[in-house]
Amino acid sequence: MTSSSPFPPSPFPATPSPAAPSAAPPLPARQSHGQEAAIAGLAAGPSLEAIVREAHRQGYSDVHLGVGEGPRFRCRGDIQRTEWPTTDAATFASWLKELLSPTQIDSFRRDKEFDGSFGFDFVRVRINLLETLLGPAMVLRLIPQTIASIEELGLPEVLHEICQRPKGLVLVTGPTGSGKSTTLAAMIDHINRTMARHILTIEDPVEFVHHSQQSLIRQREVGQHTKVFDQALRAALREDPDVILIGEIRDQETLTTALEASQTGHLVFGTLHTNSAVKTVERVLGMVAPSAQTNLRLALSESLLAVIAQGLVKTTDGKRAAFHDILLNSDACKDYIQRGELEEIEAIMGRSAFEGMRTANQSLTLLVEAGRVDPSDALAQSMKPNELSQALRGRQ
């Protein structure tokens, strides 16, 4: 639910704990906030926990904070201002102490970047810290503690079938903020609840927290449970997993290990920042030198199980819905990947709905026909708006 009025300044003082948010109640009005802050060595102002709690209550996805700027929220894709005061350096420093250990704060000051995660008692957040022209800033992505199912998210039925497969490489792709992590979490949760598997995740950082159910699940965070991502992924092959979740395939070495794992009897999930299924295949092939293209095309054609490219579009009720570009690696697609004729694959996707494939435009068309999405919003999200416009006109 979107709030139509800005939020008043919070009466809460900054939380003095160096490693975790305080559960202490706000100070009574008769006490001096300034004196209490001086005693604690912190600046007066809203605590980080109070800001995140408000974002969680309103259903916002992100919190943006920075020195020299007032706190802002992301509400269904849009940045929303608040009436909390401009953040000063002392207040920002107190917020860092709510989230990070002294070692982590020193790491940020040294490297000017930091990625991590933190669990409040009501929501988990993914943390990104950065230095800017005005000073340090942070972005917190709110991660629900309850994992939504494939059914609750309204995801395509074919995702259930993909989860049932014993081996292969599954790529879930899309731009930042498109819901990739939510979709992956739903798929991992489905395996966890319904199958007796060993699931191993290697993430940077851990976002959704899973608990072993029918499956045994172990989650590792780079920097906390392993020093180097590549070593953790290589070691995973010796840890008897059935399912491996890789946070992101960022380079050739990670890709090579992921392909090796998928070829040796593991179901491997990974993400990439691409906008379509075919672009994902192009991106993967582009990770190696031209001289290695032939071997990679062969390995990918044999290992790839599916590409699920996802985006979010505004709905007529003010929310957002996911649309998908889904490639299932059929025999025909394998042949085109081996030959490098990727432009033919989207045509196969468009006429293979019976197998569970679909194009983004087909997905957007279904949302428009159901009355959930306005045609103008669908066209704004389409990578081929002319094609989508013709499809919509033909169905009116």
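Q: Is Arg-339 buried, partly exposed or exposed, and what is its relative accessibility?
A: In this predicted model, Arg-339 has a relative accessibility of 44% and therefore counts as partly exposed.

Q: Which side chain does Arg-339 meet in a salt bridge?
A: The side chain of Arg-339 meets that of Glu-341, with an N to O distance of 2.9 Å, and Glu-341 itself counts as partly exposed at 28% relative accessibility.

Q: How exposed is Lys-314, and how exposed is Asp-78?
A: Lys-314 counts as partly exposed at 36% relative accessibility, and Asp-78 is also partly exposed, with a relative accessible area of 39%.

Q: What about Arg-110, which residue does its side chain meet in a salt bridge?
A: Arg-110 meets Asp-111 in a salt bridge of 3.4 Å, N to O. Arg-110 counts as exposed because its relative accessibility is 58%, where exposed means over 50%, whereas Asp-111, at 41%, is partly exposed.

Q: Changing topic, which residues form the negative surface patch?
A: The patch is formed by Glu-151, Glu-152, Glu-157 and Glu-161. Of these, Glu-157 sits in the loop between helix H5 (150–153) and helix H6 (158–164), and Glu-157 is exposed, with a relative accessible area of 53%.

Q: Now the strands: how do E4 and E5 run, and how many bridges join them?
A: Strand E4 (residues 113–119) and strand E5 (residues 124–131) run antiparallel and are joined by seven bridges. The two form a hairpin with four residues between them, and Gly-119 stands opposite Arg-124 in E5.

Q: In what sense do E5 and E6 pair?
A: E5 and strand E6 (residues 136–143) pair in the antiparallel sense over eight bridges, and Asn-128 has Val-139 in E6 as its bridge partner. These strands form a hairpin as well, with four residues between them, and in its turn Gly-135 has a positive phi of about 135°.

Q: Where is Lys-112 found, and what is its phi?
A: Lys-112 is found in the loop between H4 and E4, and its phi is near 70°, a positive value in a residue other than glycine. Most residues other than glycine have a negative phi. Lys-112 counts as partly exposed, at 42% relative accessibility.

Q: What is the phi of Arg-76, and where does that residue lie?
A: The phi of Arg-76 is near 50°, a positive value in a residue other than glycine, and Arg-76 lies in the loop between strand E2 (72–75) and strand E3 (78–81). With a relative accessible area of 21%, Arg-76 is partly exposed.

Q: Back to strands, how many of the residues of E8 are buried?
A: Six of the six residues of E8 are buried, so the strand is mostly covered. His-198, Leu-200 and Ile-202 point one way from E8, while Ile-199, Thr-201 and Glu-203 point the other way.

Q: Which way do E8 and E9 run, parallel or antiparallel?
A: E8 and E9 run parallel and are joined by six bridges, with Thr-201 standing opposite Gln-219 in E9. E8 also pairs in the parallel sense with strand E10 (residues 243–246), over four bridges, where Ile-199 has Val-243 as its bridge partner.

Q: And the peptide bond from Asp-204 to Pro-205, is it cis or trans?
A: That bond is cis, with omega near 0°, and Pro-205 lies in the loop between strand E8 (198–203) and strand E9 (216–221).

Q: Last one, is Leu-100 buried or exposed?
A: Leu-100 is buried, with a relative accessible area of 2%, and it is found in the loop between helix H3 (89–99) and helix H4 (102–111). The C-alpha atoms of Leu-100 and Gly-116 are separated by 8.9 Å, although the two residues are 16 residues apart along the chain.

Definitions and conventions
Residues numbered from 1 in each chain as written. Predicted model: local features only at pLDDT ≥ 70, side-chain atom pairs only at ≥ 80, totals over all residues. Heavy atoms only, no water. Patch = residues over 30% accessible without salt bridge, like charges linked within 9 Å, V, L, I, M, F, W, Y side chains within 5 Å. Areas by Shrake-Rupley, 256 points an atom, 1.4 Å probe, with all protein chains shown as cover. Salt bridge = Lys/Arg side-chain N within 4 Å of Asp/Glu carboxyl O. Lys, Arg positive; Asp, Glu negative; His and termini not counted. Charge placed at Lys NZ, Arg CZ, Asp CG, Glu CD. Buried < 20%, exposed > 50% of the residue type's maximum accessible area, 1.4 Å probe, protein only. Pairing = 2+ DSSP bridges.
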